[in-house]
Amino acid sequence: MTERDPASRHTPVLLQRCLDLLAPALAEPGSVLVDATLGMGGHTEGVLAAMPHVRVVGIDRDPEALRLASGRLERFGDRFTPVHAVYDEIPDVLDELGLPGVQGVLMDLGVSSLQLDEAERGFSYAQDAPLDMRMDPTRGLTAAEVLNTYSEADLTRVLREYGEERFAGRIARRIVQAREKAPVERSGELVDLVRAGIPAAARQTGGNPAKRTFQALRIEVNDELAVLARAVPAAVESLVVGGRIVVEAYQSLEDRLVKRAFAAGAEISAPPGLPVVPDTHEPYLRLLTRGAEEADEAELARNPRSQSVRLRGAERVRATPEHLRPAAPDDRPRGGRSTRPRTGPRRTA
């Protein structure tokens, strides 16, 4: 079977809007953009094609995504550098590449087209497959291992916090009861358990009732919210003054984290009532979007996966005050579920 061209499998969401927001920061020759969630390379391809003077460092934790994107972007030569890493490791990646700062950062969050389309990865509730859900399938706990080893209380917490699932306790109880007979290992089994755990009346609206459970498991397996909470401040710190960051989120938990991080940088950090605001407490970010931008009708017709996107952008206008800077790389938490490469970021080509 011939492998499908990545370009035919993936249409980048809001590509032109991303280009428009990033372009002023990438105007000078030698400008560098970090595509922190490379996926199959659609956004990076758009940048490299539209801006011949720009170099892109593409980060992804998924080795298969890096392989496909590298093939797609081969024609751009050394203007594209793929790196196997988790995107909260941006400072480590740039240090390894000898880049003290970059002009742009792009994040397209959540599960990728590649991961959704490959049934054997277990991300989709629409197809029966082994429950894996690891964005980097070479390390960390699978979704099946989470389902079969977490306590009922922990499963309830995961489904409630990460899936915003009203019936988290009922679903967790069904899972625990089922695994007493045999391990829960396939997505079809999990869909049936979710349906059985949700009252019939509640199953009539809101699409597939398993959607929230699958989202919650994926977030837990990949430590997505903790990674994002570290990654946005780290990305801002990687920007030179005048550099820009654009983030596309697809669910409220992600968008809330991005909104708070950007708002914190765009506000005065001094206590209210001071007659003069010290320079060290002036905003260090300027918001580029009014709230979160959504896809218009034309975008939705072109790319149905843009339906839930929320796009935000910000520009770095000054150095971050010392008291607001994130922890240095050596001090950052290294917990989670072993989703990051143990040997640190590495170039793949």
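These are my notebook entries on a predicted model of one chain.

Entry 1, overall make-up. I looked up the secondary structure and found 14 helices and eight strands. The chain has 349 residues, and 52% of them are buried.

In soluble globular proteins, nonpolar side chains tend to be buried together. I looked up the largest nonpolar core here, and it holds 34 residues. The members that touch the most other members are Leu-131, Met-133, Leu-147, Leu-155, Ile-175, Leu-190 and Phe-214. Helices H7 (143–149), H8 (152–163), H9 (168–179), H10 (187–197) and H11 (211–222) are the elements that give two or more residues to this core. Another core, of 33 residues, lies apart from it, and I list Val-93, Ala-235, Leu-239 and Phe-262 among its members.

What does Leu-131 touch, not counting residues up to four places away in sequence? I found Leu-147, Leu-190 and Phe-214 among its contacts, along with Val-184, Glu-185, Arg-186 and Ser-187.

I checked burial in H4, residues 63–72, and noted Ala-65, Leu-66, Leu-68, Ala-69 and Arg-72 as buried. At the start of H4, I found a side-chain oxygen of Asp-62 within 2.9 Å of the backbone nitrogen of Glu-64.

Definitions and conventions
Residues are numbered from 1 along each chain as its sequence is written. This is a predicted model: local features need pLDDT of at least 70, side-chain atom pairs count only at pLDDT 80 or more; totals for chains, interfaces and linings use all residues. Side-chain values use heavy atoms; hydrogens and water are left out. Helices (H or I, at least four residues) and strands (E, at least two) are DSSP runs, numbered from the N terminus. Buried means under 20% relative accessible area, exposed over 50%, partly exposed in between (1.4 Å probe, protein chains only). A nonpolar core is a set of buried Ala, Val, Leu, Ile, Met, Phe, Trp, Tyr and Cys residues joined through side-chain atoms within 4.5 Å. Contact means heavy atoms within 4.5 Å. A polar contact is a pair of N or O atoms within 3.5 Å; within protein, one must be able to donate a hydrogen and the other to accept it, and residues adjacent in sequence count only if both atoms are side-chain atoms.
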